[in-house]
Amino acid sequence: DNFVALIFELLPSSPDPETSLTQLAHLAERSGNPRWLLEYLSDAPGMFESLLVLLGGSNFAARTLALHPEYLELLADKGRLAQPKGLANLVKELESVVELFHSPSAKWNGMRRFRRRETTRLIAADLLGLMDLKRVTAEISDLAEGILRVGLNLMPPEGNFRVLILAFGKLGARELNYSSDIDLVLLYDGDAFSAERWAKKFVSALSDVSEYGRLYRVDLRLR
């Protein structure tokens, strides 16, 4: 009874109360221990309210939380959620993630999972009014740049050529949104065949879809 009363008290905060309830039921089912989850949320009404807002406002975030209920901890501290991490910290976290794995494919999957988690963090900050649009788009852009930098370390150019990657479009302007493609121009000096072969491999790593989704759709020009 107390839980039901709490839901009805908090639901008006959601942009779509009906969707919030549907997604909450799905999240509880996927958590493996619905009773524990609902008791946990009852004891943290602030987090519960934030969760209902997120579930009602973003299908992507709702699907991500259903796959990874451990990401609920992102909502535990609004003060931390409101603080942009910035490029340097995102790169450090990405480097820590890829160091956990041995195979290249596992490292790239680690980055895909990291991107999904960080995107959910930013959607939460956005929907809860903790970051303005300029900060959100800058942070999304920093996340993309961090992934490109760490990805280059995972797949350095091989062969008799050098390469320089330039970002154009929304990434170049640091105005990337949640679903933006990234526009890249790769300038190379040296063996054209090797440069083109490496570029295809690098773009495939960014755009391939795994169980964790893809990193980015890439619009590439080679010069």
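Reply: **Salt bridges and their surroundings**

Arg 35 and Glu 39 join their side chains in a salt bridge, with 3.4 Å from N to O (a side-chain nitrogen of Lys or Arg within 4 Å of a carboxyl oxygen of Asp or Glu). The model is predicted, so local features need pLDDT of at least 70 and side-chain atom pairs count only at pLDDT 80 or more, while totals for chains, interfaces and linings use all residues. Residues are numbered from 1 along each chain as its sequence is written, and side-chain values use heavy atoms, with hydrogens and water left out.

Both partners of this pair sit in helix H3 (residues 34-42); because they are four residues apart, about one helical turn separates them. Helices (H or I, at least four residues) and strands (E, at least two) are DSSP runs, numbered from the N terminus. Arg 35 counts as exposed, at 64% relative accessibility, and Glu 39 as partly exposed, at 41%. Here buried means under 20% relative accessible area, exposed over 50%, and partly exposed in between, with a 1.4 Å probe and protein chains only.

A second salt bridge joins Lys 85 to Glu 118, with their closest N and O atoms 3.0 Å apart. Lys 85 is in the loop between helix H6 (78-81) and helix H7 (86-98), whereas Glu 118 belongs to helix H8, so the pair ties together parts 33 residues apart in sequence. Glu 118 is buried, its relative accessible area being 0%. Glu 118 also forms a salt bridge with Arg 117, where the closest N and O atoms are 3.1 Å apart.

These residues belong to a network: Glu 73, Arg 80, Lys 85, Glu 93, Arg 117, Glu 118, Arg 121 and Glu 139 are linked by salt bridges. The search of the whole structure finds 13 salt bridges. Side chains of opposite charge can pair when their charged atoms come close. The chain has 27 positive and 30 negative side chains, and the centres of the two sets lie 6 Å apart. Lys and Arg count as positive and Asp and Glu as negative, without His and the chain ends; each charge is placed at NZ of Lys, CZ of Arg, CG of Asp or CD of Glu.

Helix H8 (residues 104-127) also holds Thr 119. Thr 119 is buried, at 7% relative accessibility. Leaving aside residues up to four places away in sequence, Thr 119 touches Phe 60, Leu 143 and Tyr 178 (a contact means heavy atoms within 4.5 Å).

Asp 132 is partly exposed, at 46% relative accessibility. Its C-alpha atom is 28 Å from that of Tyr 212, which is 80 residues away along the chain.

Arg 174 stands in another loop, between helix H10 (169-172) and strand E2 (182-190). Although not a glycine, Arg 174 has a positive phi of about 55°. Most residues other than glycine have a negative phi. Arg 174 is partly exposed, with a relative accessible area of 39%.

Of its 223 residues, 43% count as buried. The C-alpha trace spans about 70 × 35 × 25 Å along its principal axes.
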